[in-house]
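This report is written for a reader who is meeting the structure for the first time. Please keep the sequence and the model in view while reading.

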Amino acid sequence: MTEEQFDREVTKAKILQQLGDRPAYWAGYITGLEEVYYGRKFATDEERKQWLAFRHDAYETNREFRDGYRDGLKVWESED
């Protein structure tokens with residue numbers, strides 16, 4: 001993944017987030033992208049577990065963040 005690809009994806013996500021289209025999802029998506037781009041040092045194992053545990057959370061916003069985070073982690077798999 002190049003810096004250009006990373007910047008393009010983050011910019012797209014920020015625009016969609018600002019438009020109000022699932023802002024929590026896009027925040028999670030950006031977080032996932034950053035983790036892939038910057039590597040495992042971006043977040044602690046505890047933070048990753050917390051983000052992925054949002055599936056059990058009663059708040060839709062947290063579940064949206066989790067879904068975006070997982071999709072951000074996967075985006076680069078499809079480009080290989």
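The sections below describe a predicted model, taking up its nonpolar core, a helix crossing and its salt bridges in turn.

## The nonpolar core

The largest nonpolar core is made up of ten residues, namely Phe6, Val10, Ala13, Tyr25, Trp26, Tyr29, Ile30, Leu33, Val75 and Trp76. Two elements, α1 (residues 3–18) and α2 (residues 23–38), each give two or more residues to this core, and α2 provides the largest share, with five residues. In soluble globular proteins, nonpolar side chains tend to be buried together.

Leu33 is one of the core residues, and, leaving aside residues up to four places away in sequence, Leu33 touches Phe6, Glu9, Val10, Gly72, Val75 and Trp76.

## Where α2 meets α4

Helix α4 spans residues 60–74, and its axis comes within 6 Å of the axis of α2, the two crossing at roughly 35 degrees. The crossing in which α2 passes α4 is right-handed.

On the α2 side, the residues in contact include Ala24, Tyr25, Gly28, Gly32 and Leu33, while those on the α4 side include Thr61, Phe65, Gly68, Asp71 and Gly72. The residues of this contact divide into nine nonpolar, six polar and four charged.

Five salt bridges are found in a search of the whole structure. Side chains of opposite charge can pair when their charged atoms come close. In one of these pairs, Glu4 is joined to Arg8, with 3.7 Å between the closest N and O atoms; both residues lie in helix α1, four residues apart, which is about one turn of the helix. Glu4 is exposed, at 58% relative accessible area, whereas Arg8 is partly exposed, at 46%.

Another salt bridge links the side chains of Lys12 and Glu9, at 3.3 Å from N to O, and these two residues also lie in α1, three residues apart, again about one turn of the helix. Lys12 is partly exposed, with a relative accessible area of 37%, but Glu9 counts as buried, at 12%.

The side chains of Arg70 and Asp67 form a salt bridge with an N to O distance of 3.8 Å. Because Arg70 and Asp67 are three residues apart in helix α4, about one helical turn separates them. Both count as partly exposed, Arg70 at 34% relative accessibility and Asp67 at 21%. Together with Arg66, Asp67 and Arg70 are linked in a network of salt bridges.

Note on methods
Residues are numbered from 1 along each chain as its sequence is written. This is a predicted model: local features need pLDDT of at least 70, side-chain atom pairs count only at pLDDT 80 or more; totals for chains, interfaces and linings use all residues. Side-chain values use heavy atoms; hydrogens and water are left out. A nonpolar core is a set of buried Ala, Val, Leu, Ile, Met, Phe, Trp, Tyr and Cys residues joined through side-chain atoms within 4.5 Å. Buried means under 20% relative accessible area, exposed over 50%, partly exposed in between (1.4 Å probe, protein chains only). Contact means heavy atoms within 4.5 Å. Axes are lines fitted to C-alpha atoms, for helices over the stretch in contact, and angles run from 0 to 180 degrees between N-to-C directions. A crossing is left-handed if the near helix is turned anticlockwise from the far one by less than a right angle, and right-handed if clockwise. Ala, Val, Leu, Ile, Met, Phe, Trp, Tyr, Cys and Pro count as nonpolar, Asp, Glu, Lys and Arg as charged, and the others, Gly among them, as polar. A salt bridge is a side-chain nitrogen of Lys or Arg within 4 Å of a carboxyl oxygen of Asp or Glu.
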